[in-house]
Amino acid sequence: MANAMERPGGRTARVRRAVMVATEDVIVEHGPAGIELGDIARRAGVGRATVYRRWRTASGLITDLLADMAERSEPRATTGRLEMDLLANARLVQRTLNSRRQGPIFRAVIAAAATDQECATALRDFYRSRLRTWAPCVVEAVERGEAPAGTDPVAVITAVSAPLYYRLLLSDQRLDRAAVEQAVAVTLAGVRSGAFRSER
């Protein structure tokens, strides 16, 4: 079993992928409350004992789904300009949240995190992972002189994506080009004014 865990494309990896897809399907169709381990096993075509042993609960499935999503997320952009890097980040968030599959999944996971501590921890870990992935574009901007010394990279990336997630949760509108460009423009203005400096 240890070898299968380490070998890309091994049986364990295939089982996990099938279970993650099945979990996504159920969340899209019924929300997180619809997750039932036996049904997930049936949809994934794997043994019930495997699912119960490895994931144990619906929260365990959601937690691993978030880890899987982080692992499969697109790498960050490297354009050489802070504005373009931030636009690339915002457009990635836009594509994800506008997706007919990923949008409902994120809504459901965020809702689950509001009432389940295991899911909340997994969601925080997911966002920390994505923020760490994109933070270097701000570090590089400081090195190029595009942003003041001491600019907090994580705060900048958070400022770009936060209004887009807010709109996802509190509006039935799709994220359009104007919303993306506004998030980036406001964040850039804050960067240039020194609002994101960690030492002020």
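Student: Which residues of α9 and α10 meet?

Tutor: C137, V138 and V139 in α9 meet P153, V156 and I157 in α10, where contact means heavy atoms within 4.5 Å. By class, that contact has six nonpolar, no polar and no charged residues. Ala, Val, Leu, Ile, Met, Phe, Trp, Tyr, Cys and Pro count as nonpolar, Asp, Glu, Lys and Arg as charged, and the others, Gly among them, as polar. This is a predicted model, in which local features need pLDDT of at least 70, side-chain atom pairs count only at pLDDT 80 or more, and totals for chains, interfaces and linings use all residues. Residues are numbered from 1 along each chain as its sequence is written, and side-chain values use heavy atoms, with hydrogens and water left out.

Student: At what angle do α9 and α10 pack?

Tutor: About 120°, with their axes 8 Å apart. Axes are lines fitted to C-alpha atoms, for helices over the stretch in contact, and angles run from 0 to 180 degrees between N-to-C directions. α9 and α10 are therefore oblique to each other; under 35 degrees counts as roughly parallel, over 145 as roughly antiparallel, 65 to 115 as roughly perpendicular and the rest as oblique.

Student: And what about α2 and α3, how do their axes cross?

Tutor: At roughly 120°, coming within 8 Å. That makes α2 oblique to α3. Among the residues of α2 in the contact are A18, A22 and V26, and α3 (residues 37–44) meets them with D39, I40, R43 and A44. The contact of α2 with α3 divides into six nonpolar, two polar and four charged residues.

Student: Switching topic, how much space lies in the largest pocket?

Tutor: About 610 Å³. A pocket is an open set of points on a 1 Å grid over the protein atoms alone, where a 1.4 Å probe fits, with protein on both sides within 12 Å along at least five of seven lines; lining residues have an atom within 4 Å of a point. The volume is the space filled by probe spheres set on the points, which are joined across faces, edges and corners.

Student: How many helices and strands overall?

Tutor: 11 helices and zero strands, taken as DSSP runs (H or I, at least four residues, for helices; E, at least two, for strands) numbered from the N terminus.
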